[in-house]
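Please keep the sequence and the coordinates in view while reading.

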Amino acid sequence: MPTLDHPYRDLTGGAWMRGNLHTHTTQSDGRCVPQQVIDDYARRGYGFLMISDHDILTDAAKYATWNTHGMVMIPGNEISANGPHLLHVDADCLIDPAPSRSHVINEINAVAAQSGRGFAIVNHPDWQEKFDHCSISELRLWAGYIGMEIYNGVITILDGNPYATNKWDMLLAGGRRVWGFANDDSHAPAHVELGWNTAYVKDRSVAGVVEALKQGRFYASTGVTITSITVDGMKVRIETENARRIAAIRDIGRRHAQVDDRVMEVEVPRDAKYVRFQCWGDGEKMAWTQPFVVRIEGRNEVGGSRYITQWQVTNLVESLKLTEASPKHFAGRQAQPWIPNKDNPVYADFIDVRSMIREQPGVVYLATTIRSEADRMGTLFFGYDGPVRIWLNDKEVFHGPGHNPAIADSLAFHTDFRKGDNQLLVALDSNFGKAWGIFCRVEW
Ligand SMILES: [Zn+2]
Ligand SMILES: [Zn+2]
């Protein structure tokens, strides 16, 4: 039975709130001082705002010095020097703008793994004369960013294309879960209120807005208001206030269906990888939902990339500290094939080792073999809820603290694979018995 994986499952107990994550002030190259910018957005009824000056962090302490008119002010900056621009949203520190944006995104996520704060969005990919401020190869190579600007207001008056839905569809069709954002990138009053994100927020706070954005519980807009999103099996119904046309768009940008109406109901075809809805209203008003991804039991993939479910696992090594774990130590131990817990499954694709951990402190080893057709670079994606160390071919490639709960793909990094079999070993610290397991997949 196919099911739809989408972020609009739980639209209760909160409210829709509109916000912009990309605006500049005189702290960098904007024309207005921060207070004027804040006043302008507040006057227009925005619920949240992030001042994103180039490589300058605007944090809670700075916001406290201005009158924010009750808006939720998100700390952040635009990582700009040395390479394509990224928004660092909910930032609690400045990340060094290294030329390798892959590295920068990994740093953002490493900090987030410790503090629980901060995520990356790729900005205006279609800016500049070749329409590739950020190319599709870069977007494919980088991992660990949660979204991209599919609309950037200021590009309407610069070279390139403000809409980057072409690259978005390519990523979605390739199995990437990337949320689409619309932002102003305002540098002057004329660029204010061009594009925004309307999020279903359960708690009117920075954490509440950030939670909604990270989950993808929002839609991007330049003027069309979506009033209701309901899903019944494979049927999706979108209601808007002011759309004149709505299209259901599937892989790879193809139009599956369209209506000239403010409401659309559509059965998502089971052979689609995903469907997303794009609305047009008067003038250039638009809105975009996030993707509804088709999942088929047994296909066991998130849009094309398979989670690794073949593992050899050891019993809990109760006396072992994670710092003392090693491939050598693992080599002498007995391991058995991992068997999914059919009675109490957590998620498909989640390697649940609670039956090994039994709520006791210690370390569980998980080992698998990844076959590569060539010497090449791959991206390893992980989710884990206890501290972990990861080795590839006996070389340590990651060591990090746990964070609850395990979120698929919350860690991603590039590493070299050799042609043939590659041995991947994970040591999962049970975090005093609280850990449950891991997610793991590889993308080439
Ligand atoms: Zn920029
Ligand atoms: Zn900008």
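How many bridges join strand S7 (residues 119-122) to strand S8 (residues 147-152)? In this predicted model, two bridges join S7 to S8, and the two strands run parallel. Within this pairing, Ile121 has Gly147 in S8 as its bridge partner. In general, the strands of a sheet pair through backbone hydrogen bonds, in either a parallel or an antiparallel manner.

The pair S7 and S8 belongs to an open sheet of five strands, ordered S5-S6-S7-S8-S9, in which the pairing is mixed. Strand S5 (76-79) and strand S9 (179-183) form the edges, each pairing on one side only. On average, and with direction ignored, neighbouring strands of this sheet are turned by 30 degrees against each other.

Helix H3 (residues 101-115) lies across S5, strand S6 (86-89) and S7, and runs at about 150 degrees to S7. For helix H5 (residues 165-173), the buried residues are Thr165, Lys167, Trp168, Asp169, Leu171 and Leu172. This list includes Lys167 and Asp169 as well as Trp168. The buried residues of H5 pack against helix H4 (136-141), against S8 and S9, and against strand S17 (274-280). After H5 comes Gly175, which has a positive phi near 95 degrees.

The view can now be widened to the protein chain, which contains eight helices and 31 strands. Its radius of gyration is 22 Å, close to the 22 Å that the globule rule gives for 444 residues, so the chain is as compact as a globular protein of that length. The C-alpha trace spans about 65 × 50 × 45 Å along its principal axes. Of the 444 residues, 48% are buried. Among contacts with a separation of 6 or more, 69% are between residues 24 or more positions apart.

How is the chain divided by the domain assignment? The assignment gives domain 1 (2-296) and domain 2 (307-443). The C-alpha centres of domain 1 and domain 2 lie 32 Å apart. At the boundary between them, eight residues of domain 1 are in contact with nine residues of domain 2. On the side of domain 1 that touches domain 2, the residues comprise two nonpolar, six polar and no charged.

Terms used:
Residues numbered from 1 in each chain as written. Chains lettered and ligands numbered in written order. Predicted model: local features only at pLDDT ≥ 70, side-chain atom pairs only at ≥ 80, totals over all residues. Pairing = 2+ DSSP bridges. Helix = DSSP H or I, 4+ residues; strand = E, 2+ residues; numbered from the N terminus. Axes fitted to C-alpha atoms, helices over the stretch in contact; angles between N-to-C directions. Contact = placed C-beta atoms within 7 Å. Rg over C-alpha atoms; globule rule 2.2 N^0.38 Å. Buried ≥ 20, exposed ≤ 12 C-beta atoms within 10 Å, placed from the backbone. Domains from an automatic or database assignment. Nonpolar A, V, L, I, M, F, W, Y, C, P; charged D, E, K, R; others polar.
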